[in-house]
Amino acid sequence: MPDFPNVANDPLVKIRGLRFARGERVIFDGIDIDIPRGKITAIMGPSGTGKTTLLRLISGQLRPLAGSIVVDGQPVPQLKRAALYQLRKRMGMLFQSGALLTDLDVFDNVAFPLREHTQLPEMLIRDLVLMKLQAVGLRGARHLMASELSGGMARRVALARAIALDPMMIMYDEPFTGQDPISLGIIVQLIHALNEALGLTSIIVSHDVHETAAIADYIYVLSGGKVIGHGTPVDLAHSDSPWVRQFMQGLADGPVPFHYPAADYAEELLNNQPGAAP
Amino acid sequence: MINRLQTLGRWGLIRFERLGRGSLFLMQVLAGLPALLLRPRLALQQVYATGVLSLVIIIVSGLFVGMVLGLQGYNTLVDFGAEESLGVLVALSLVRELGPVIAALLFAGRAGSALTAEIGLMKATEQLSAMEMMAVDPLARVIAPRLLGGFIAMPLLAAMFSAVGVFGGYFVGVGLLGVDDGSFWSQMQSKVELQEDILNGVIKSVVFGFVVTWIAVFEGYDTVPTSEGISRATTRTVVNSSLAVLGLDFVLTALMFGDF
Ligand SMILES: Nc1ncnc2c1ncn2[C@@H]1O[C@H](COP(=O)(O)OP(=O)(O)OP(=O)(O)O)[C@@H](O)[C@H]1O
Ligand SMILES: [Mg+2]
């Protein structure tokens, strides 16, 4: 495939001609994406372009209108429940909101997937959980309830939970937001280390250009339902596409729309007479 | 006119659609029940949450309802010189009707609304999605234990309500109004039948418990995941399950005691 020069021949996730819409609004209008094995691939794009939606499509929580999504040789939208659950045991996902179980404490949250899917003795589970919590720097917080954590801490616990079953692939939805500089550095390192040491495949969804460019091997930039650019961070930084340049450099003016689709601004203000539709 | 018909038709269709979805949902949840046999702790926790935590309101209400029955029953019976039958009157009213029905209404308000809000909030905060992503079926892990827990708890609560109510009636009738202690109990013992009265009451409370819990977990699972959606779903749980209890009570009573 001439379109994907830098991507391995046997990608872990292979998306072709993906179309998806929410009601009238088309979110994806035919996109092709390859996620190579053992690499860190970033999906970037302005807020509201559908990055979270893409992760939900890859994990089979949503079904596409058209196109194919193949994960490790299995067509996700066509999978039966049992097969899909089997596949999900090998996928970790870090939700944008953390999504911890609020009736459990930190320890039990991280232990949850282990207890549900393995018959390991409690001693072993304890050690595994403490290891994962140590990795995100929250071993000391294991007795706190999920509701007693700050947003950034909750996200780190969710990360520990996502790696509890040692998956083949992790999808991180905005792992960097809400982290102070120190924990940000730790998370960047952790994603990197997981990737190096375990050969994990990582997908990072983010709009933090700087952090993402620092650890990603390959970046896709989405906007307006299309892939508007892809390449290594270095490629993209020197891209001559005005779309990509605008996004990577964070310029307000350019072809990438900052606004949700709307009627003409001046017209809407001028038409503001009594009785007009709001 | 046509517009009204259309509105009515749409309303009817929406109701039927929800009923259909509720039934499909129920079947999926029931499929998750056998797995619970291996982890009874999950269901026991819910018996505690729905049952034990509803005990106070059930006991207090049962006591007062029984006391009122004792008072009203005495005033009526004494005119006929039949105040010895007070025990029968109190026990039959409670076991056949008031126990199952009032306990179910209280259960809907206390435990049903809590179930709906809890599940709805889990949905709104993506906890259910997160479980699905961890390959854990929320229907089996979250919903099934709650359904089973409510199903077990409700008949026990109804029995508790009736028992406490009988003592309430005893307290007022025998303690305050001077009905003979021995005949209060002996008449009750001879006139209350195991099959006709007690068993039918238990059947009612089992049916009510099942329906109320089903409505509560379905409304929670089907919530529009916003704060407004959760508040509406909670209201719907209380309203719909109360109506269902009262309607079903008539149907069951007609089947059990009606002579048609
Ligand atoms: N449940 C939903 N119902 C209808 N539309 C939705 C729903 N969830 C998301 N959308 C729409 O889909 C689009 C993409 O949403 P998504 O959450 O995938 O964006 P995102 O790229 O992750 O944004 P962000 O960077 O802000 O997290 C948005 O325009 C949003 O309005
Ligand atoms: Mg998002």
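In the predicted model, eight residue pairs are in polar contact across the interface of chain A and chain B, with both partners at pLDDT 80 or more. On the chain A side, α2 (81-88), β6 and α3 (106-117) each supply at least two of the residues that touch chain B. The largest share comes from α3(A), with four residues. By class, this side of chain A has ten nonpolar, five polar and six charged residues.

Four salt bridges are counted between chain A and chain B. One salt bridge joins the side chains of A:Arg56 and B:Glu126, at 2.3 Å from N to O.

The size of an interface is often given as the accessible area lost when the parts come together. Here, the area buried between chain A and chain B is about 1,700 Å². Carbon and sulfur atoms give 56% of that area. Three residues, A:Tyr85, A:Phe112 and A:Glu116, supply 29% of the area that chain A buries against chain B. The contact takes 21 residues from chain A and 15 residues from chain B.

Chain B has ten helices and zero strands. From the N terminus on, its elements therefore read as helices by the DSSP runs, in the order α-α-α-α-α-α-α-α-α-α. Taken along the principal axes, the C-alpha atoms of chain B fill a box of roughly 70 × 55 × 35 Å.

Empty space was examined next. Rolling a probe the size of a water molecule over the atoms shows where such space is left. The largest pocket holds about 790 Å³ of space. Its lining has 25 residues. Closest to the centre of this pocket are A:Gln61, B:Lys123, B:Ser129, B:Glu132 and B:Tyr221. Two or more lining residues come from each of α2 of chain A and, in chain B, α1 (2-31), α6, α7 (138-176) and α9 (194-221). By class, the lining of the largest pocket has eleven nonpolar, four polar and ten charged residues.

The second largest pocket has a volume of about 640 Å³. It is lined by 28 residues. Nearest the centre of the second largest pocket lie A:Asp103, A:Leu104, B:Leu42, B:Gln45 and B:Arg141. Elements giving two or more residues to this lining are α3 of chain A and, from chain B, α3 (40-51), α5 (86-124) and α7. The largest share, seven residues, comes from α3(B). The lining of the second largest pocket divides into 15 nonpolar, three polar and ten charged residues.

The count of cavities of 30 Å³ or more comes to one. The largest cavity has a volume of about 160 Å³. Its lining takes in 15 residues. Of these, A:Met91, A:Gly92, A:Met93, A:Ala162 and B:Met134 lie nearest the centre of the cavity. At least two lining residues come from each of β6 (91-94) and α5 (151-162) of chain A and α6 (127-133) of chain B. The lining of the largest cavity comprises eleven nonpolar residues, one polar residue and three charged residues.

Definitions and conventions:
Residues numbered from 1 in each chain as written. Chains lettered and ligands numbered in written order. Heavy atoms only, no water. 1 Å grid on protein atoms, 1.4 Å probe; cavity = no way out; pocket = protein on both sides within 12 Å on 5 of 7 lines; lining within 4 Å. Points joined across faces, edges and corners; volume = space filled by probe spheres on them. Nonpolar A, V, L, I, M, F, W, Y, C, P; charged D, E, K, R; others polar. Contact = heavy atoms within 4.5 Å. Buried area = accessible area lost by both parts, 1.4 Å probe. Polar contact = N/O pair within 3.5 Å; in protein donor to acceptor, adjacent residues only side chain to side chain.
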